Amino acid sequence: MEVPVVMMMWLWPRWAVAALLVGGLGACFALWRTTRGDNSKAWVDWTRRALMIVVVASMGMTPSVEVKQTSVVRGANVYFVVDVTGSMVAEDYNGSHPRMDGVRADIRRIQRQIPGARYSAFVFGSEATRALPLTTDGTALESFVQTLSSENTYQSEGSSVRRPVEALRRELERSRRSHPEALQLVYVLSDGEPRGRDSGEKGYSEVHDLIDGGAVLGYGTSQGGRMKENLGGDPAKSGYIVDPKTKSEAISRIDEGQLKKAAKEAGVDYVHRTSPDQGITTPDVDTLKQRSAKGRTRRNPMIWPAGTALVVLLAWEIAALTPRIRLRVRGR
């Protein structure tokens, strides 16, 4: 049998408890000295009143018992953070398919493996934006997947896998406040290739404490692949992006170093994705619920013993004063 752990829990500021004890007990002592000559039992009255002050003060530093919570998790919030820079259409996934095909397949796979969750999605390229607010509507997530596309080729200013961290942090904090007992699972889907400007974004260590699981999923190969232009028209009629320096077709290559660094900062696994046939190990939500519940405790203040003692002392005070009040009334 496990013995409860009893600890002190300060409900009031310590200075207030100290002031009540020193002031109240000092006043009781002084008044006893002034009344003891007229009443030989004055010490009983003032001892009782001193005890009432001690009991009230004890409520301010109430003992508390640690209670283990056995069921604390309700659902999971799953965040997909998707790279939409032009390199994500490089044709080196599962042979010569665009990397974005792998992103779509993996989001659908994760949704099937974690059913009934709340889903949200962010996209990042030149900027990072929330593309799908947190929702339980699976069809909304499917609509997001179907409409996923890369940025317009000639409007893109480049990106970094760290670009979405600040927007993601704000959303995770808001979600933690609104769903404090839910698991927060983050999946970053990117090729990790840094392009263009680097504004010195913060790393994923900024959100490490807000993440309960997930993964960084990497797309592309070291050999690389060429990329079709996105000009907003028919993709079938688009040409390939040309490197202005070499005047030949530009090649995009995965940067696993950036992806592994992001995974380490976030405290999740990095997985290189090369085909839709690869499995994805997603957290078992029931197992995570038990792990989350284990060791999590709350402290219950034990005010009732002091409250009971105060009621008894007040009843004693009333019983002692009632005959004296009656005598004074009769004497008038």
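These are my notebook entries on what I looked up in this predicted model.

**Entry 1: the overall count**

I started with the whole chain. The protein has 332 residues, and 42% of them count as buried. For secondary structure I noted eight helices and 15 strands. Then I checked how far along the chain the contacts reach. Among contacts with a separation of 6 or more, 81% are between residues 24 or more positions apart.

**Entry 2: α1 against α2**

Next I went to the helix pair α1 (residues 14–35) and α2 (residues 42–60). How do I describe such a pair? Two packed helices are described by the angle between their axes and the distance between the axes. Here the angle is about 175 degrees, and the axes of α1 and α2 are 9 Å apart. Angles over 145 degrees count as roughly antiparallel, so α1 and α2 are roughly antiparallel to each other. On the α1 side, the contact includes V17, L20, L21 and W32. On the α2 side, W43, W46, R49 and I53 are among the residues taking part. I sorted the residues of this contact by type: 15 are nonpolar, three polar and one charged.

**Entry 3: R48**

I stayed in α2 for R48. Is R48 buried or exposed? The cut-off for buried is under 20% relative accessible area, and R48 is at 1%, so R48 counts as buried. What does its side chain pair with? I found a polar contact between the side chains of R48 and D45, at 3.0 Å. Leaving aside neighbours within four places in sequence, R48 is in contact with L313, W316, E317 and A320.

In soluble globular proteins, nonpolar side chains tend to be buried together.

**Entry 4: E91**

I moved on to strand β4 (residues 91–93), where E91 lies. The side chain of E91 makes a polar contact with the side chain of Y240, at 3.0 Å. Setting aside residues up to four places away in sequence, E91 touches S96, H97, P98, G225, R226, K228 and Y240.

**Entry 5: two loop residues**

P276 sits in the loop between β14 (269–273) and α7 (285–293). I have P276 down as partly exposed, because its relative accessibility is 29%. What does P276 touch beyond residues up to four places away in sequence? I listed Y93, N94, A105 and R109. P276 and R109 are 167 residues apart along the chain, yet their C-alpha atoms are separated by 9.0 Å.

My other loop residue was S248, between β12 (225–226) and β13 (251–252). With a relative accessible area of 36%, S248 is also partly exposed. Leaving aside neighbours within four places in sequence, S248 is in contact with I241, V242 and D243.

Key: Residues are numbered from 1 along each chain as its sequence is written. This is a predicted model: local features need pLDDT of at least 70, side-chain atom pairs count only at pLDDT 80 or more; totals for chains, interfaces and linings use all residues. Side-chain values use heavy atoms; hydrogens and water are left out. Axes are lines fitted to C-alpha atoms, for helices over the stretch in contact, and angles run from 0 to 180 degrees between N-to-C directions. Helices (H or I, at least four residues) and strands (E, at least two) are DSSP runs, numbered from the N terminus. Angles under 35 degrees count as roughly parallel, over 145 as roughly antiparallel, 65 to 115 as roughly perpendicular and the rest as oblique. Contact means heavy atoms within 4.5 Å. Ala, Val, Leu, Ile, Met, Phe, Trp, Tyr, Cys and Pro count as nonpolar, Asp, Glu, Lys and Arg as charged, and the others, Gly among them, as polar. Buried means under 20% relative accessible area, exposed over 50%, partly exposed in between (1.4 Å probe, protein chains only). A polar contact is a pair of N or O atoms within 3.5 Å; within protein, one must be able to donate a hydrogen and the other to accept it, and residues adjacent in sequence count only if both atoms are side-chain atoms.
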